[in-house]
Amino acid sequence: GVLAANYEITKVEGTLTVTVITTKIVITAASGSKKYDGTPLTNAGYTYTQNVLATGDTLTAVVAGTITNVGTADNVVTSYKVMRGSTDVTANYTFGASVNGTLTITKRVVILTSATDSKVYDGTALTNNTVTVTGDGFVGSEGATYNVTGSQTDVGTSDNTFSYMLNIGVLAANYEITKVEGTLT
C-alpha cells in the first residue's frame with residue numbers, strides 16, 4: 001500500500017568493521033631435561049596465553065629443538081596458526097614474541113672400581129685385573145678399556161692401581177667419572 005511516488009528515497013550504506021584482537025597471544029615452547037642416554041631429547045609441547053581465542057578457533061604451533069650430548073639447547077617456536085575449521089584466521093589476532101624453552105642433558109655418573117683382593121704370602125705377585133662399573137654406568141656399547149697395574153708380592157697392602165681409556169667415539173663430557181682403587185693385601 002505504500003506508493004513509491006510519495007517518497008524521495010536515498011540509500012546510504014554503512015560500514016561494518018571487524019578489528020584485530022589486540023590482546024597479545026604469547027606462545028611458550030616447552031622445556032625438558034634428562035640424563036645422557038645417547039638419544040636425542042626433543043619436546044614439541046607448548047603453552048599459550050589463554051582466554052583470547054574466539055570460541056571455535058584453535059591455535060597450533062610447531063616447536064623445534066634437539067640435543068643429544070650434555071649441555072643445553074633452545075627449544076624454539078618456529079611457526080603457528082589459528083584455524084576456524086579449515087579457514088586460517090591467524091590475521092585476526094595479535095601475537096607477542098614467542099618464548100623459547102630449554103632442553104637440558106645432564107651427565108651420567110660412572111664409578112670405576114678396581115678389585116680388592118688378598119692372599120697368604122706365597123712368593124708370587126697378587127694381581128686382580130677386574131674393574132667394576134657402578135653408578136649410572138655407560139650407555140649401550142659406550143665404555144672404556146682398563147690397564148690394571150696394581151701388584152703386591154710381599155706382606156703388606158697397596159692400591160690396586162689402574163688407568164682407563166674411553167672407547168673411540170665416547171665423549172668424556174657426557175660422563176662424570178670417579179676412579180676408586182681397591183686394595184691388594
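These legends walk through several close-up views of one predicted model.

The model is predicted, so local features need pLDDT of at least 70 and side-chain atom pairs count only at pLDDT 80 or more, while totals for chains, interfaces and linings use all residues. Residues are numbered from 1 along each chain as its sequence is written, and side-chain values use heavy atoms, with hydrogens and water left out.

**View 1. The whole chain, before zooming in.**
The protein chain has zero helices and 16 strands. (Helices, H or I, of at least four residues and strands, E, of at least two are DSSP runs, numbered from the N terminus.) Its C-alpha atoms fill a box of roughly 135 × 25 × 25 Å along the principal axes. (Buried means under 20% relative accessible area, exposed over 50%, and partly exposed in between, with a 1.4 Å probe and protein chains only.) Among contacts with a separation of 6 or more, 63% come from residues 24 or more positions apart. (Contact means heavy atoms within 4.5 Å.)

**View 2. An open sheet of three strands.**
Here the strands line up in the order β11-β10-β15, with mixed pairing. (Two strands pair if DSSP finds at least two bridges between them.) At the edges sit β11 (131-135) and β15 (175-180), each pairing on one side only. Neighbouring strands of this sheet are turned by 25° against each other on average, direction ignored. (Axes are lines fitted to C-alpha atoms, for helices over the stretch in contact, and angles run from 0 to 180 degrees between N-to-C directions.) Zoom in on β10 (residues 108-114) and you'll find five bridges to β11, in the antiparallel sense. To get your bearings, look for V110, which stands opposite G135 in β11.

**View 3. Strand β6 and its partners.**
Start with β5 (residues 57-64) and β6 (residues 71-84), which run antiparallel and are joined by eight bridges. A hairpin of six residues takes the chain from β5 to β6, and A64 has V76 in β6 as its bridge partner. Next comes β9 (residues 101-106), antiparallel to β6 and joined to it by five bridges; one spot to look at is G71, whose bridge partner in β9 is I105. Strand β7 (residues 87-88) also runs antiparallel to β6, with two bridges between them. In that pairing, M83 has D88 as its partner in β7. Two residues lie between β6 and β7 in their hairpin, and G85 in the turn has a positive phi of about 65°.

The structure holds three aromatic pairs. Ring pairs link Y36, F138 and Y175 into a cluster.

**View 4. A tilted ring pair.**
Y80 and F95 form a tilted pair, with 4.2 Å centre to centre and 35° between the planes. Y80 is in strand β6 and F95 in strand β8 (residues 93-95), 15 residues apart. Y80 counts as partly exposed at 33% relative accessibility, whereas F95 counts as buried at 18%.

**View 5. A lysine over a ring.**
K179 lies over the face of F162, at 5.1 Å from the ring centre. (A charge sits over a ring if NZ of Lys or CZ of Arg is within 6 Å of the ring centre and within 35 degrees of the ring normal.)

**View 6. A loop residue with a positive phi.**
Look for N51 in the loop between β4 and β5. N51 isn't a glycine, although its phi is positive, at about 65°. With a relative accessible area of 83%, N51 is exposed.

Methods: Rings of Phe, Tyr and Trp (its six-membered ring) pair if their centres lie within 6.5 Å; planes under 30 degrees apart count as stacked, over 60 as edge-to-face and the rest as tilted.
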